[in-house]
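Open the model in a viewer and follow the selections below in order.

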Amino acid sequence: MPHIIVEYSANLPDEHWDIDQLLNALVDAAVATTLFPASGMRARAVRCDHYHVGNGNSDNGFLNVTMRVGAGRDPGMRQKAGEQIFATLRDELSTLTNARPVALSFEMAELDSVKFNYKTT
C-alpha cells in the first residue's frame, strides 16, 4: 500500500510540467522496481498556496515527493528503488527545473507497524 504524495509550490507554471503525467510516471517507476505492487499504489498531489523557499524570492519554487511504504523491505533494495524513482522524478521535471529555480526532493519513509486501514473493495 505505498502512497506517493507530491507537494508543490503554487508558483510552478503549468506549461513546464503536467501533474497527472508526473503521478503516473512515479507510480510506473515504483511498480517497475518490483518492490511495490500496482494494486496497492496510491498517488496524490497537494498544491501549496502558502510557502517560503530559500531566501524568499518569489521565483523560487519547490516540489517534494514523499513515498510512504510498509515495513519489511530490505533497506538496500529500498535505496535502489528510491534512486530509480528519483531519477524518474528528475527526468519528468527537467523542463521545469531548466526553466526556473526549483528545490526538488524525494523521501521514502517506512511506516511504523502500528497503522490502521479499511477497504471497501
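Select R78, A81, G82, I85 and L89: these residues of helix 2 are buried, meaning under 20% relative accessible area with a 1.4 Å probe and protein chains only, where exposed is over 50% and partly exposed is in between. Look down the axis of helix 2: the buried residues fall within an arc of 105°, so they line one face; the arc is taken from the directions from the helix axis to the C-beta atoms. The model is predicted, with local features needing pLDDT of at least 70 and side-chain atom pairs pLDDT 80 or more, while totals for chains, interfaces and linings use all residues. Residues are numbered from 1 along each chain as its sequence is written, and side-chain values use heavy atoms, without hydrogens and water.

Turn to the other side of helix 2, where K80, R90 and D91 are exposed. The buried residues pack against helix 1 (19–32), strand 3 (61–69) and strand 4; contact means heavy atoms within 4.5 Å. Helices (H or I, at least four residues) and strands (E, at least two) are DSSP runs, numbered from the N terminus.

Next, select D74, which caps the N-terminal end of helix 2, with a side-chain oxygen 3.0 Å from the backbone nitrogen of G76.

Move to E107 in strand 4 (residues 102–110). E107 is partly exposed because its relative accessibility is 43%. Leaving aside residues up to four places away in sequence, E107 touches V65, T66 and M67.

Finish at R100, in the loop between helix 3 (94–99) and strand 4. Its contacts, beyond residues up to four places away in sequence, include N11, L12 and P13.

Technical notes:
Polar contact = N/O pair within 3.5 Å; in protein donor to acceptor, adjacent residues only side chain to side chain.
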